[in-house]
Amino acid sequence: MLSCKELVAHSSDFLDGQLSFRERLAVRTHLAMCRHCRRFIRQMRLSQAVLRRLPDTPIPELDALSARLAKQRRDDLVS
Amino acid sequence: MSPADDDLLPRLLAGEDRAFRELIGAYQGAMRAVAYAIVGSRHADEVVQDAWLAVVRSLNGFQGRASLKTWLLTITANTAKSRLRHVRREVLLDDLPAPHGTVGGERFASDGHWLTPPSAWHEDSPEALLNESELRECLEKTIASLSELQGSVLVLRERQGLELEEICNLLDISLSNVRVLLHRARLKVFATLEHFEETGQC
């Protein structure tokens, strides 16, 4: 039987679908019985979602860079 | 969301300013993470600039076999690698201390059960959590505290949505190393969110 500590150690692989069939079964069996670990996995998923939605830092000089690259491309087209 | 390749490509080929703007907006974050992982923070911006020039120069050669994103990231990785005088042989699995720690052994009893189980959080949607501007800053600090490789792997997986295999190929590191880096980084992010939910401050 998987311990809570082991479940935490396997949690990323569980979320990424990197576990073997047997390991996944062991994790699911543990989760069915342990509310602390269910909460942990739920909060790990929530942390993932928070990271995904964290606003991007603005790109400095986006306009200048895009204008420069587009011009380079147009110059390449002519030559 | 990233623009569709078949919409973007003809406009890029025609040299349209706005198409390049969309391309940069969509992918520069991922390119920077790749460069950061390979050459470190000091040269990452230079590598990204060089990679953009290489992208424009080789635009005619883009075959559409891979997605634009994969193609851009491959060019970025190659640009970064050519910058390294010595190819890194050992992957640095440095685990630097994070502002709010991690989910460490002290959380568990000797039999492996939780000693300090996770507590309930006040908010259960990412939008509600991110409404707190202090939490956003706090998370940015935690991400900045990660080693260059650990932070990049986290960004590429969680923010840029790359598959683990793509990360291995771009950064020349094994799948098991990617898994270790990602797991450690995630636990630190978890610890920051947990700390913030418990104390209301960073």
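Predicted model: local features only at pLDDT ≥ 70, side-chain atom pairs only at ≥ 80, totals over all residues.
Lys81(B) pairs in a salt bridge with Asp172(B), and their closest N and O atoms are 3.3 Å apart. The rule also finds 6 residue pairs in polar contact across this interface of the two domains of chain B. On the side of domain 1 of chain B that touches domain 2, α2 (17-39) and α4 (68-83) of chain B each supply at least two residues, and α2(B) gives the most, with 7 residues. By class, that side has 8 nonpolar, 5 polar and 2 charged residues.

Chain B is divided into domain 1 (3-87) and domain 2 (105-199), with C-alpha centres that lie 27 Å apart. Here 15 residues of domain 1 are in contact with 12 residues of domain 2, and the area buried between them is about 1000 Å², 60% of it from carbon and sulfur atoms.

Turning to the two chains, 41 residues of chain A are in contact with 55 residues of chain B. About 4400 Å² is buried between chain A and chain B, with carbon and sulfur atoms giving 63%. Leu51(A), Leu69(A) and Arg73(A) supply 16% of the area that chain A buries against chain B, more than any other three residues.

The count between the chains is 7 salt bridges; one of them joins Asp56(A) to Arg159(B), with the closest N and O atoms 2.8 Å apart. There are also 21 residue pairs in polar contact between chain A and chain B, both residues at pLDDT 80 or more.

Methods. Residues numbered from 1 in each chain as written. Chains lettered and ligands numbered in written order. Heavy atoms only, no water. Contact = heavy atoms within 4.5 Å. Buried area = accessible area lost by both parts, 1.4 Å probe. Salt bridge = Lys/Arg side-chain N within 4 Å of Asp/Glu carboxyl O. Polar contact = N/O pair within 3.5 Å; in protein donor to acceptor, adjacent residues only side chain to side chain. Domains from an automatic or database assignment. Helix = DSSP H or I, 4+ residues; strand = E, 2+ residues; numbered from the N terminus. Nonpolar A, V, L, I, M, F, W, Y, C, P; charged D, E, K, R; others polar.
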